[in-house]
Amino acid sequence: MRFPKLSFSAPALAGALVAIVAGLLVLYPVAFLLQAALNVGDPEARPPTEYGLENFAGLLAYPQIILNTLTVSFAATVMALVIGFLMAWIITRTNVPGRRFFEQVIVVPYYLTPLLGALAWSLLGTPESGFLNQVYRALGGSEYLININSPYGIAWVMALFEGSVAFVMIGAVMKSMDPALEEASQVMGASRLRTMLRITLPLVLPGVLGAAVFVFAEMLGSFAVALVLGLPDRYYVVTTAIYQLVQQYPPKIPLAAAMGTSLFVVMFVALFIYRRIITAGSYVTITGKAFRPRVNDVGRLRYLLLAICVFYLLCAVVLPLLTLFYASIQQISTAFPKLSNFTTEHFYKAFTMNAATTALGNSLWLALWTATLGVTLMGLISWIVYRSKLPGASVIEYIVMFPQSVPRLIFAFGMMWAWLIFPIPIYGTLWLLLIAYLTVFLPLGVRTISGVMLQIDKSLEECAQMCGAGWGYRIRTVTVPLLWPGLIAAWLLLFVASIRELGASILLMGPHSKVITPAIVESWFASSTELTAAMALIQTLVVAIAVSILMAVTRRATTHITD
Amino acid sequence: MPDRKPHIEVENLEIHYGDVPAVRGVSFSVQPGEQLTLLGPSGCGKTTTLRAIAGLEQPSAGEIRIGGAPVYSSAQRVNIPAEKRGLSMVFQSYAIWPHMTVFENVAYGLRVRRESREAIAEKVERALDMVQMRAFSGRGASQLSGGQQQRVALARAFVFQPSVLLFDEPLSNLDAKLRADMRIELRELQHRLGITSVYVTHDLEEALAMSDHIVVMRDGLIAQVGSPNEIYNRPRNAFVADFIGSANLIRGKHRADLDTDGLIALETPGGVVHGVAHGRPVGADITFSVRTVHLALSPQKPAGARNVWPVRIERSVFQGDFSQTIVLWGDQRLVIRGTMEPLAEGSEAFMTVEPRRVVLLEE
């Protein structure tokens with residue numbers, strides 16, 4: 001039999017406090033989301049007067065949205081997987097020229113954000129004014145070459161940017177496979193093809209399948225691309241439909257809530273399946289050890305593979321950035337440059353226009369606070385979950401990881417609804433955004449910090465305890481100094497994520513609390529595309545600076561650890 | 001040593017990991033200044049027991065007293081946190097903090113205790129002297145070899161004069177030769193400091209060489225407690241006999257009619273064996289244990305009538321310091337280790353053993 005601890009120690013108190021904070025941050029909005037979804041009485045009455053499932057039944061009146069969502073998500077998942085698998089195979093298993101370089105830069109699309117990609121591809125590929133289509137017509141083509149506003153256009157842009165996520169996941173599986181497993185098969189006399197079919201494929205399959213489910217879940221919840229490319233043609237997927245239902249007048253809150261709840265149930269199930277696949281299949285390949293994969297000599301074919309890599313980076317990185325830059329320095333952007341058309345006025349405007357500068361200032365302020373408070377909170381949570389042995393630590397872990405399976409837009413929706421009736425009037429202020437960021441980035445921060453924490457031998461802390469050091473002293477003299485690289489990495493990741501945040505901000509920002517990413521979207525729809533391009537580039541620059549510091553820091557930290 | 005109160009007392013200790021019992025009711029005590037070793041195969045609960053004494057693991061029942069005062073007691077609902085128990089510990093991984101110098105590592109416990117700068121400098125220097133690491137004082141911890149880290153960990157553990165030192169397999173990460181040297185050094189240091197210590201190991205030689213008393217553990221229970229000599233020469237059961245060095249087990253029927261000179265007789269297909277009971281109860285079916293090194297082989301029949309049997313040499317393997325021979329004796333195979341010349345395989349020989357080396361097991 002266990003008996004309860006009587007003395008309340010510092011870690012127990014801190015644990016309780018963190019559990020309350022995390023619980024409040026995560027569960028409070030979710031509760032309100034569910035309440036709104038089940039409200040079948042007067043939509044304005046709070047709390048609801050009647051509960052029921054009619055809102056969910058009402059979803060069936062929108063078969064088009066469900067069909068659109070599935071079409072786009074499915075197409076995008078297939079494309080992203082093809083990109084991810086192909087790139088992973090080329091880079092980890094063949095002797096393509098410049099593998100080291102590609103391995104480094106292949107994750108750049110992930111940092112560029114789908115929003116930036118959507119803006120750039122919109123400039124390139126709208127049927128009438130897209131640069132590519134202008135060139136196509138000038139060369140004698142009729143109508144248009146590509147239509148980026150079509151479902152497959154949307155899926156294409158989503159896949160370009162999610163492709164690097166698929167690459168990272170599949171590449172990790174390929175790298176963690178012991179080449180001796182394949183060599184053993186060949187030594188036993190199996191042909192290359194047989195080895196490929198009977199050994200390599202079964203070993204990699206769980207990882208690829210896992211990546212497929214994960215990417216599909218991400219696609220279901222993705223928002224920015226569908227918003228920028230789908231809205232002009234009124235092509236709605238579930239996330240943009242929810243946004244529309246909340247923003248329109250009068251808003252249809254219960255219906256939006258039901259839609260959001262359904263989406264998040266589907267994503268939850270998908271991520272649950274993903275975890276099952278990963279844990280079930282991991283025993284064969286994942287030994288926690290990285291192997292040097294066997295490199296296949298592909299002969300002449302390697303130049304074709306090189307071309308594929310270059311083409312991908314061109315579509316996902318070079319072309320979007322160049323397009324935005326090209327558009328931002330023209331008065332009215334067109335595919336055919338004219339000297340008189342060039343100007344720097346958009347950059348000047350972006351730096352002087354009140355709306356843009358306040359939004360950027362607000363975003364920087366928010367990013368600094370989110371990162372600073374977040375690292376403290378998430379560091380504490382990581383310690384409690386992975387080190388403290390406190391009862392209920394696994395429950396806390398579950399709660400803080402929960403926002404991962406809810407699209408940020410939907411989380412923000414619950415939050416909007418929850419904080420609207422909160423006695424302290426923070427709705428429409430930056431404080432609400434700060435709370436929102438701290439909530440939706442919980443999984444990101446906790447995963448980053450705990451990843452480093454788990455590499456630190458537990459006995460280093462225990463030894464301090466045996467030397468007589470109390471909890472606070474131990475944390476200050478041993479845990480924090482050892483965790484420092486992880487904390488800095490988490491700080492920068494949170495900073496970058498806050499600057500780029502769209503889904504939560506777009507619903508929660510008020511007229512006096514604008515932030516940069518939604519401001520970019522607003523400017524895209526309301527004012528000029530050229531100014532928007534300039535703003536997006538400025539934001540990208542801020543992110544790029546933060547990311548390069550991040551990379552320098554983590555590189556130093558990893559060489560430090562491996563010393 | 002005069003009769004004193006035990007320094008550490010562990011009573012009916014039980015520890016669970018979730019629903020899995022790791023320690024299932026363990027009691028022992030350690031006298032002041034004594035070194036006690038918890039010995040057993042991996043998973044026997046020895047490290048868990050040590051960590052419970054340290055306060056790093058929360059038991060589910062029982063009591064632990066240090067200097068007479070309970071630091072953990074399920075009955076009295078006491079659980080003093082590790083940092084307030086006044087103990088110290090050397091970890092298996094050494095746990096040298098990589099972000100501090102050797103000096104800072106050793107000074108840590110003194111700084112926690114808010115000692116003056118001068119006192120710290122002096123004590124750290126003395127401790128580093130004792131482990132011959134003074135020259136490395138300013139080094140970063142990552143520049144040390146395994147043996148050096150071990151010494152620093154040791155100095156750090158005793159520098160603040162804890163009442164008890166705990167060792168969690170401190171030598172298991174060192175190579176064989178260094179381990180043998182450190183074993184002697186550790187033992188000397190422990191004598192010089194006179195600190196009560198509890199030592200955990202799965203290495204028999206280490207336990208025999210370093211301990212005043214040994215607690216042999218198996219599956220969360222104590223298999224035997226005793227001095228190294230007792231444990232080695234008078235194992236209580238087959239597990240201890242076999243785990244503590246290698247032993248042959250001989251089973252058979254007690255022949256009370258053949259008992260002579262205080263020896264008891266056992267009938268086996270290979271012949272009659274005489275051994276000692278050490279006051280243990282003698283049943284009808286009994287088991288003797290005899291160590292592989294205590295059996296001797298000779299080509300000619302030796303003088304004396306007791307405990308001499310003809311055997312056939314099945315296999316003889318030269319292993320360096322000794323050779324190992326497997327003989328067929330009656331319907332059973334026995335292992336014999338010794339420095340004798342290997343005998344030809346398939347040849348006949350005679351096996352003898354002194355009756356006092358043949359020990360009755362309790363079962």
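What distance separates the centres of domain 1 and domain 2 of chain B, taken over C-alpha atoms? The separation of these two centres is 40 Å. The model is a predicted one, in which local features need pLDDT of at least 70 and side-chain atom pairs count only at pLDDT 80 or more, while totals for chains, interfaces and linings use all residues. Residues are numbered from 1 along each chain as its sequence is written, and chains are lettered from A and ligands numbered from 1 in the order in which they are written.

In chain B, domain 1 covers residues 8-233 and domain 2 covers residues 247-360; such bounds come from an automatic or database domain assignment. Along the principal axes, the C-alpha atoms of chain B fill a box of roughly 75 × 50 × 40 Å. Chain B holds eight helices and 21 strands, where helices (H or I, at least four residues) and strands (E, at least two) are DSSP runs numbered from the N terminus. Of the 363 residues in chain B, 39% are buried. A residue counts as buried if 20 or more other C-beta atoms lie within 10 Å of its own, with C-beta atoms placed from the backbone. Two residues are in contact if their C-beta atoms, placed from the backbone, lie within 7 Å. Among contacts in chain B between residues at least 6 apart in sequence, 65% join residues at least 24 apart.

An open sheet in chain B is formed by five strands in the order S2-S1-S4-S5-S6, with antiparallel pairing; two strands pair if DSSP finds at least two bridges between them. Its edge strands, each pairing on one side only, are S2 (20-30) and S6 (78-79) of chain B. Strand S1 (residues 8-17) of chain B pairs with S2(B) in the antiparallel sense over eight bridges. The bridge partner of B:Ile8 in S2(B) is B:Val30, and that of B:Glu14 is B:Arg24. Helix H1 (residues 46-54) of chain B packs on the sheet, where this helix touches S1, S2 and strand S4 (61-66) of chain B. The direction of H1(B) makes about 115 degrees with that of S1(B); axes are lines fitted to C-alpha atoms, for helices over the stretch in contact, and angles run from 0 to 180 degrees between N-to-C directions. Nine of the nine residues of H1(B) are buried, among them B:Leu50, B:Arg51 and B:Ile53. B:Gly55 follows H1(B) and has a positive phi near 100 degrees. S1(B) and S2(B) also form a hairpin with two residues between them, and B:Gly18 in the turn has a positive phi of about 65 degrees.

The largest nonpolar core has 275 residues, and A:Leu119, A:Ile242 and A:Phe413 touch the most other members. A nonpolar core is a set of buried Ala, Val, Leu, Ile, Met, Phe, Trp, Tyr and Cys residues joined through C-beta atoms within 7 Å. Not counting residues up to four places away in sequence, A:Ile242 touches A:Ala256, A:Met259, A:Gly260, A:Leu409, A:Ile410 and A:Phe413.

The contact between the chains takes 23 residues from chain A and 23 residues from chain B. On the side of chain A that touches chain B, H21(A) gives the most, with seven residues.

Note on methods: A residue is buried if 20 or more other C-beta atoms lie within 10 Å of its own, exposed if 12 or fewer, and partly exposed in between; C-beta atoms are placed from the backbone.
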